[in-house]
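Please keep the sequence and the structure in view while reading.

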Amino acid sequence: VAAAAPGAAPASSAAPALAAAAPSLAQLLALLARRHGGKAYFRQTQHLAVLTRVLVSEGTLIYRAPDYLEQRVSRPRREDLILDHGQLTLQVGRHRRTVALADYPQLSPLLDSVRATLAGDRMALERGFMTQLRGTLTLTHWQLTLIPRNPQLAVRSIVLRGERSQIQQVRITQSNGDESDMRIEPLATGTAGRGSE
């Protein structure tokens, strides 16, 4: 058993002090809400039970506050997914289809959680998820875990990690054990993504 350092507070009094120093969700969301848009490169890996190999995709993410989110996949094949004012558009090659996000309850909480986090929309976020935030007081490093309030959803958990106002990773675990891990790197405005053609 390690000895306490000289002058260290007893464990009973140290716990409240640590809790008081933890970052707040309001603090993080306020920081994220200050960003009105951005562009980033992403690389996503997916582990699916029905496949023996890992799926890898990459491309560009574009966000414009408060509710425009675009994912441009450049590899392994060109595919665009756009969320705009509750409308979801998927374009693969010349085929384009637009539907209301509300008509797809299996996708709605997933996309809305990312949108609500980026927009700093605490009400929307906590309406659909229980939240747990860990990290440094200044949010130089943080991790936000989202657990769906509806246990019937296909998503078991969503974990976002970042530094200050930059989300660097989104890890999604499905109820069936499937996982996806997206790593995100910011791009300067007007710069082509590393995965762009």
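At 39% relative accessibility, Arg-164 counts as partly exposed, where buried means under 20% relative accessible area, exposed over 50%, and partly exposed in between (1.4 Å probe, protein chains only). The model is predicted: local features need pLDDT of at least 70 and side-chain atom pairs count only at pLDDT 80 or more, while totals for chains, interfaces and linings use all residues. Residues are numbered from 1 along each chain as its sequence is written, and side-chain values use heavy atoms, with hydrogens and water left out.

Arg-164 sits in the loop between β9 (155–163) and β10, and its phi is positive, near 50 degrees. His-85, in the loop between β4 and β5 (87–92), also is not a glycine and has a positive phi of about 50 degrees. With 60% relative accessibility, His-85 is classed as exposed. Most residues other than glycine have a negative phi, and most peptide bonds are trans.

## Overall architecture

The chain has 4 helices and 11 strands; these are DSSP runs numbered from the N terminus (helices: H or I, at least four residues; strands: E, at least two). Of its 197 residues, 37% are buried.

An open sheet of 11 strands runs in the order β6-β5-β4-β3-β2-β1-β11-β10-β9-β8-β7, with antiparallel pairing; two strands pair if DSSP finds at least two bridges between them. Because β6 (95–100) and β7 (129–135) stand at the edges with a single partner strand each, one side of each has no neighbour in the sheet. Within the sheet, β10 (166–174) and β11 (179–187) pair over 5 bridges, and Val-170 has Met-182 as its bridge partner in β11.

## Helix α2

Helix α2 (25–33) has Leu-25, Leu-28, Leu-29, Leu-31 and Leu-32 as its buried residues. Viewed down the axis of α2, these fall within an arc of 155 degrees, so they line one face of the helix; the arc is that of the directions from the helix axis to the C-beta atoms. Their cover includes α3 (108–119), α4 (122–128), β7, β8 (142–148) and β10.

## The loop between β2 and β3

Asp-67 lies in the loop between β2 (55–64) and β3 (68–75). Pro-66 belongs to this loop as well, and the peptide bond from Ala-65 to Pro-66 is cis, with omega near 0 degrees.

Not counting residues up to four places away in sequence, Asp-67 touches Leu-83, Asp-84, His-85 and Arg-115, contact meaning heavy atoms within 4.5 Å.
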